[in-house]
Amino acid sequence: MTDSPFDPTLDSQLNDVAVPAGFVPRLLAIAELGDGELDARLCDVSIPAGLEERLCGVVANEALDARLRGIEIPIGILPRTRNIPYLRRRSQLRQWALAASLMIMVGAGMAGLLGGVISSARLVEPPPLALMVVDQGPLDIVSPVESAVTIVPAADDGRWRTSLAGLSDETMRLLTTFDRPQLGPAGQLAEDIEKVWNPWDNWLLMRWGALGYVPAADTALPELTALTAPVARGMEAPLVRGYDREFLYSRGVQPLTLTAFDPAARGLDAPLATCTDSVDRIRRLAAAGRLPPPELVRTEDFLAAVQPPSGGAADSETLAIRTAGGPSVFNRSEAGLLQVSVHAGLAPRAAAHLVLAIDTSASMGWDGGLDSVRSAVAGILPYLGPQDRLSVLTFSREVTEVVREIRRDDRAELDQLAAVLEHVGGAAGANLGAALQQAISLAIESETAAGLPCRLVFITASRPLLARADAEGVRRMFAEAAKGDFRFEVCDLTREESSRAAWPELAGQAACTVRCPPSADQLRWALVEALTGSTSIAATEVKLRVDFNPRAVAAYRLIGHESTAFGGLLPASVETDLRAGQAAAALFEIWLYPNEEDDVATVRVQWTEPEKGKTRQAGPQRVSRVQFATAFEGAALSLQAAAVAAEAAEVMKQAFNFRLIAPDRYGYEPKPSGLEHVLAQARHVAPRLAHQPQFRRFVALLEALSHQGSTRSAASARSGTRGISGDQWSEYGLK
């Protein structure tokens, strides 16, 4: 007989027992039954015939009693039974006597304490009150400068001197020795109460102020404002004649670039934006009921937030160029939109089962942790292959299974997942042990995804602090999961070195990778790498070059990428890195000549292979006039999403609508102050775009911001006309 709760031989024999077919579904069906229904079914089970007689026979079996009496008592039993105390019956009289003596002792102590307090508060006769008067003569006021005003002292009537007549010098000296008697404890307490002292005040708050506030467990606290170091953003203003740098620096918005005055103005290295940092910050501000300041809005981040993933390039080592054109639906002038995007290929891979365990406790609410998770989960869905499976668990104090082994085409389950993630959060505490056990069980006991490699990703902002028994149980489960194609990854949002070192120890024999993604973009790509099993960098130092045809294009305007006046000595780089399956785009507003010239622009892209370090190039690719759709509904999905995102960003940025008046002159007027026209246009996009998770989250953000009013500054509320004469830009008129 062993004290260990585990028998290796018995465990191995139990593991060899084959599970009957259909046994697991039957167990799951039992778990779905309620207590009442389960009791009713148990009551319906009939008792076998003769069971009661056999049980009664066992009780009355004398032979069995004789055999039990013949069993030898183990040696260790007797010492332990002797430790059982004998329960003696106490006399009720003794109990009453003990209670009375205790009451007398407590009463005597309280009486003595009260008597001491009363005696300390006895009145003490103060010495006779005396009045001290010091005669220093009349008051003299001496001015440091000569004055024409003469101060005449009042006449001395001598009455107060008469009242002190007869006092000796010794009496006058004694008048200065008046002392107040010392108060006892009760007197001091009475004096404090008279000074409006409240004995029920919170002394912690009185000492430390707001730092001593202890909130309740269910109190929703506002998010702390995170201060980040300024960084250089945007594109440096080009030093060409056709570009109005004065307008950029005074309004903070990209102006038109005229192509007729300088050959250098007909092309540019267009920056490609892939991060969505400003969108994430604006989303947190909207959740707190606050409007973002215009300087926080980055139009290029809005474009990246709605950019759908790449449909794939020619192969996984090549970047593809795609162009789309259409009308500038939010501009009343005869302007068009041109979108130039670069797409990275996605290498073929085997299907996988991705299990996400998401922490929804209060620790995830700080620094936008849950918002990052929502964006990352919405961003990972387009990367699911046709045979991939997705399971999601959420946990705080309790573990909840949201979806189980769904495909990318299961629209109802994906909508349910988005709705659950949008409303979870705020619960105190995270049960890591239960969450790990259920997530590993879901990974290794999957039925429909039994033949797929499993990738378990644990997203949390809690430290891995488990009881010893729970930790040992989790390690055994990890060891069982490691027998198959299983990988465990942790996205630790605490970003603490101690937590980062504790996770591999907890994983035991299972391979464990710990990541600390600082943003929603990094978290999304961590999930992509967990799903694909490979690094996600496809190309580095990607640079896009666009050259416009001056015979077809009279002017163009790069939307977004305004340069900042702070953040470093050098401007931001126009080069960027692309990950596998990622797409990045630049958006232009262009004005075409009404002629028959078909070639609008040519596009080139250059990049470096990350593994070989070899520089490669794609293009030149021609942009034709016939590529421009005549109606917004007929434009490409990516262009429709970009148009909505760009207009929303420029409205919040307090930008302008531009019109080309002449080849050397343009006009500008403020954009509408609300987002209603943007939401109205967003409801008329193509159905395929309207059902994309990223676009739906973006529209929900616009709806939240539309309920809050905004006012434009005086400089951004003006309309006017600007033109170039020689080398100088000037204002033709103000309204």
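**Buried residues, helix contacts and the nonpolar core**

Thr257 lies in strand E1 (residues 257-258), where strands (E, at least two residues) and helices (H or I, at least four) are DSSP runs numbered from the N terminus. The model is predicted: local features need pLDDT of at least 70, side-chain atom pairs count only at pLDDT 80 or more, and totals for chains, interfaces and linings use all residues. Residues are numbered from 1 along each chain as its sequence is written, and side-chain values use heavy atoms, with hydrogens and water left out.

Thr257 has a relative accessibility of 6% and so counts as buried; buried means under 20% relative accessible area, exposed over 50% and partly exposed in between, with a 1.4 Å probe and protein chains only. Not counting residues up to four places away in sequence, Thr257 touches Gly242, Tyr243, Ala265, Ala554, Ala555 and Tyr556, contact being defined as heavy atoms within 4.5 Å.

The secondary structure of the chain consists of 24 helices and 20 strands. Of its 735 residues, 38% count as buried. Among contacts in the chain with a separation of 6 or more, 78% are between residues 24 or more positions apart.

In the largest nonpolar core there are 40 residues, of which Phe302, Val644, Phe695, Phe698 and Leu702 touch the most other members. Such a core is a set of buried Ala, Val, Leu, Ile, Met, Phe, Trp, Tyr and Cys residues joined through side-chain atoms within 4.5 Å. Two or more residues of this core are given by each of H13, helix H14 (299-306), helix H21 (637-652), helix H22 (676-682) and H24. The largest share, 11 residues, comes from H21. Leaving out residues up to four places away in sequence, Phe698 is in contact with Phe302, Val306, Val644, Ala645 and Ala648. In soluble globular proteins, nonpolar side chains tend to be buried together.

The axes of helix H13 (residues 277-287) and helix H24 (residues 693-706) come within 10 Å and cross at roughly 45°. Axes are lines fitted to C-alpha atoms, for helices over the stretch in contact, and angles run from 0 to 180 degrees between N-to-C directions. H13 is therefore oblique to H24; angles under 35 degrees count as roughly parallel, over 145 as roughly antiparallel, 65 to 115 as roughly perpendicular and the rest as oblique. Val279, Ile282, Arg283 and Ala286 of H13 make the contact with Arg697, Leu701, Ala704 and Leu705 of H24. By class, the residues of this contact are six nonpolar, no polar and two charged, with Ala, Val, Leu, Ile, Met, Phe, Trp, Tyr, Cys and Pro counted as nonpolar, Asp, Glu, Lys and Arg as charged, and the others, Gly among them, as polar.

The axes of helix H18 (residues 468-481) and H19 come within 8 Å and cross at roughly 65°, and the two helices are therefore roughly perpendicular to each other. The contact involves Ala471, Val474, Arg475 and Phe478 of H18 and Glu505, Leu506 and Ala507 of H19. Five of these residues are nonpolar, none polar and two charged.

Ser499 is located in helix H19 (residues 497-507) and is buried, with a relative accessible area of 2%. Apart from residues up to four places away in sequence, Ser499 touches Arg463, Pro464, Asp492 and Thr494. The C-alpha atoms of Ser499 and Val514, 15 residues apart in sequence, are separated by 9.4 Å.

Arg524, in helix H20 (residues 520-532), counts as buried at 12% relative accessibility. Beyond its neighbours within four places in sequence, Arg524 is in contact with Ala376, Gly379, Ile380, Gln582 and Gln694.
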